[in-house]
Amino acid sequence: MKKFLALLTAMVLCLSLAACGGSSGGSSGGSTPAGGGSQPADSGSSTSGGSGSGAATSVKVGLICIGDENDQGYTYNFIRGKDAATEALAAKGIDVDWSVKWNIGENDSCEEANLELAEEGCQLIINNSFGFEDFMLKVAPDYPDIEFVSCTNQASWGDDLPNTHNAFANIYEGRYLAGVAAGMKMQEMIDNGEITADQAVIGYVGAYSFAEVISGFTSYFLGARSVCPSVTMKVQFVGSWSDATAEGNAADALADMGCVMISQHSDNTTPATTAQTKGVYHTGYNNDMTGVAPEASIIGTRIDWSVYFEYIIEAVANGQEFEQDWCHGMDMGAVVMTDLNEAIAAEGTAEKLAEVEEQIRSGALQVFDTSTFTISGQPLTSALALDTDGDYAPDSEEAVFDGAFHESYFQSAPYFALSVDGIEWLNSAF
């Protein structure tokens, strides 16, 4: 019910604000069922109180980070989004006063950080890590006039608190494209006689065996296999979002197992630098890693958080509601690719990526097309038939329809948690 009301509100706002535009953007201190998170929505809101009023509006925003910008990965990407949104909002007459909490653990320190920011007078508090949500939800009920956002999470959209929100992006689209770039490189290596077809093995460093990570490496694998049919993948989970040493060690072990391409869903650059040391290739996440591994890193993908930050801060500035559960991708520029490393990419990669990206944008290509993978040798016809604990089909909705598994359709948080043929999980304890 809460989600329905939020969507109804968003529709009313879109109609009433049809003539008003929004754009993407500080200082630290076939027929388808009615859907949810991934459905198009207006990214902007009216500018009353903003640039149109002749006087700047100020919004105080708290940001709680699991790391800091020195990781050059996950938190650094959030800071890029923060700074770009601040600049875009300033052009609309909205000043953002940021208060940032760095290196906060997924523990009681997160609850304390939310409390401190609330007491500082923040009108909006953004939590940037998956494990922050439970602690945020302990604080939010006591501050009903403050908007609380949990990025990459899932509980807020279904709770009974109107001041809590979830947000994510269709990063699986970008991972699919990164997989295409990786697959083209491996196929080129096969064609040149550098490796045999059965040696086209990807090593993937994953943080946890959560749906978010599984969805990501599966879409990456499917992208690679679309251009290199013999590709297989090995996944090593490290049990942490940000452990530079563990991530590097996992990449090292995967290379020693014969993986010629390394990718990652982890926060640091050590998989990239390790890949270069081991003489194998790499594709990254959250940042362009060609700077630290120019001989290994081909391309990366990241969420452009400025799109969402600009949308919600402008809404707060204008006293407007914003979506309870937000999720977009390449359709709104919320998922982007880093620069292609032309020096090492396979010939024709740029043209192929442009072609595939347009297919994703138009809907002509479904990343989780059920004709492109099997599970234990069988095609996937129903997520509900496999689901026993809500992992694959949130709210008991059938995620498989029109020939594809529709990821992040019913809620923003990923829920593709299936183990497809061709991907070997080396461990699954996390």
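Is lysine 101 buried or exposed? Lysine 101 is buried, at a relative accessible area of 17% (buried is under 20%, exposed over 50%, partly exposed in between, with a 1.4 Å probe and protein chains only). This is a predicted model, where local features need pLDDT of at least 70 and side-chain atom pairs count only at pLDDT 80 or more, while totals for chains, interfaces and linings use all residues. Residues are numbered from 1 along each chain as its sequence is written, and side-chain values use heavy atoms, with hydrogens and water left out.

**Salt bridges**

- Searching the whole structure turns up 13 salt bridges (a side-chain nitrogen of Lys or Arg within 4 Å of a carboxyl oxygen of Asp or Glu).
- Lysine 101 pairs with glutamate 116 at 2.6 Å, N to O. Lysine 101 sits in strand S2 (residues 94–101) and glutamate 116 in helix H3 (residues 108–119), so this bridge ties together parts 15 residues apart in sequence (helices, H or I of at least four residues, and strands, E of at least two, are DSSP runs numbered from the N terminus).
- Glutamate 116 is partly exposed, with a relative accessible area of 32%.
- Lysine 101 also has a salt bridge to glutamate 120, at 3.9 Å, N to O. Glutamate 120 lies in the loop between H3 and strand S3 (124–127), 19 residues from lysine 101.
- Aspartate 256 bridges to lysine 278, with the closest N and O atoms 2.7 Å apart. Helix H7 holds aspartate 256 and helix H8 (residues 270–278) holds lysine 278, so parts 22 residues apart in sequence get tied together.
- Aspartate 256 is exposed at 54% relative accessibility, and lysine 278 is partly exposed at 32%.
- Lys92, Glu310 and Glu314 form a salt-bridge network.

**Glutamate 247, a buried charge**

- Glutamate 247 is in helix H7 (residues 244–256).
- Though buried, glutamate 247 has no salt bridge, and the nearest oppositely charged side chain, arginine 175, is 11 Å away (Lys and Arg count as positive, Asp and Glu as negative; His and the chain ends are not counted).
- The glutamate 247 side chain does make a 2.9 Å polar contact with the serine 266 side chain (N or O atoms within 3.5 Å; within protein, one must be able to donate a hydrogen and the other to accept it, and residues adjacent in sequence count only if both atoms are side-chain atoms).

**Cysteines**

- The whole structure has zero disulfides (cysteine sulfur pairs within 2.5 Å).
- Cysteine 151 is buried at 0% relative accessible area, and cysteine 259 is buried at 1%.
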